Amino acid sequence: MERRRSVLALGLLVALVLVAAVAAVVLLRDDGESDHGLAAFSTRGTPIRMEIPETLGPWGDVTGEAILIAERPSLRFLRLPRKDGSSCWATAERRSGFWSLTGFTCEGDFVRFPDPRRPVMPIGRISIDPIKRLWNYEAFAGFAADGVKRIGVFHENDRLVEVATVTKNTFRADEPPQGVKRLAALDAAGEVIWRGDEVPQPDE
């Protein structure tokens with residue numbers, strides 16, 4: 001009888017250890033996947049021949065390389081490596097038979113792309129309504145981390161509207177959004193996983 005109790009107690013202990021181990025693995029995996037989803041960019045791209053400026057103004061010197069991330073009708077999505085090891089992210093349109101850069105954004109000194117603090121890199125011409133402090137986009141396209149499946153915008157009344165689907169880490173809206181309070185990144189379930197900054201105050 002005593003031996004049977006010992007066997008049962010040992011079996012129960014082993015079961016508890018296994019449950020704890022499985023729970024730890026699941027939690028670690030979930031955390032890793034969550035971080036990974038907002039800091040990973042799976043589309044490696046392909047080097048292409050394209051005329052690239054030697055410098056992008058105050059954003060620094062580029063290497064002259066152009067990495068094609070994706071291409072849609074009349075629009076290319078590019079990564080432009082910089083000499084300091086960071087990158088600029090750009091769009092290009094075909095004009096008069098040649099591809100020309102139409103917009104770009106470069107990584108900052110402290111936050112590279114993608115990053116949980118910056119999983120979305122919009123590339124587009126914008127204007128600002130200084131009274132309502134809202135963004136108005138003249139063109140809307142860009143890049144997104146692996147974990148971002150759709151791009152949305154919050155309007156003035158905090159109403160969320162989805163405006164683009166992410167494909168191969170890129171997105172584009174045929175109708176650029178207007179009156180935008182801030183951008184939003186959504187996951188596969190439609191949950192908001194990141195919110196962009198609002199238009200800063202004039203003295204900020």
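Which backbone nitrogen does the side chain of N136 reach? Residues are numbered from 1 along each chain as its sequence is written, and side-chain values use heavy atoms, with hydrogens and water left out.

The side chain of N136 reaches the backbone nitrogen of G179, at 2.8 Å. N136 itself is found in strand β8 (residues 134-137), where helices (H or I, at least four residues) and strands (E, at least two) are DSSP runs numbered from the N terminus. The residue is buried, with a relative accessible area of 19%; buried means under 20% relative accessible area, exposed over 50%, and partly exposed in between, with a 1.4 Å probe and protein chains only. Leaving aside neighbours within four places in sequence, N136 is in contact with R125, I126, S127, D129, P177, Q178 and G179, contact meaning heavy atoms within 4.5 Å.

The mean pLDDT of the chain is 83, and 81% of its residues reach 70 or more. Confidence is lowest in helix α1 (residues 2-39), at a mean of 44, and highest in strand β9 (residues 141-144), at 98. Over residues 1-33 pLDDT stays under 50, and for this stretch the model has 0 contacts beyond four places in sequence. Where pLDDT is low, the predicted coordinates should not be read in detail.

A search of the whole structure finds 1 disulfide, a disulfide being a pair of cysteine sulfur atoms within 2.5 Å. C88 and C106 form it, with their sulfur atoms 2.0 Å apart. C88 lies in strand β4 (residues 87-95) and C106 in strand β5 (residues 98-106), so the pair ties together parts that are 18 residues apart in sequence. The torsion about the S-S bond of C88 and C106 is about 95°, so the disulfide is right-handed, and both C88 and C106 are buried.

Another open sheet is formed by 3 strands in the order β6-β9-β12, again with antiparallel pairing. Its edge strands are β6 (120-123) and β12 (170-172), each of which pairs on one side only. Strands β9 and β12 pair over 3 bridges, and F143 stands opposite T170 in β12.

Strand β10 (residues 150-155) is mostly covered, since 5 of its 6 residues are buried. β10 pairs with strand β11 (residues 160-165) in the antiparallel sense over 5 bridges, and the bridge partner of G152 in β11 is E162. The hairpin of β10 and β11 has 4 residues between the strands, and in this hairpin D158 takes a positive phi near 65°. β10 is also joined by 6 bridges to strand β13 (residues 180-186), with the two running antiparallel, and F154 stands opposite R182 in β13.

Notes. Predicted model: local features only at pLDDT ≥ 70, side-chain atom pairs only at ≥ 80, totals over all residues. Polar contact = N/O pair within 3.5 Å; in protein donor to acceptor, adjacent residues only side chain to side chain. pLDDT = per-residue confidence, 0-100. Pairing = 2+ DSSP bridges.
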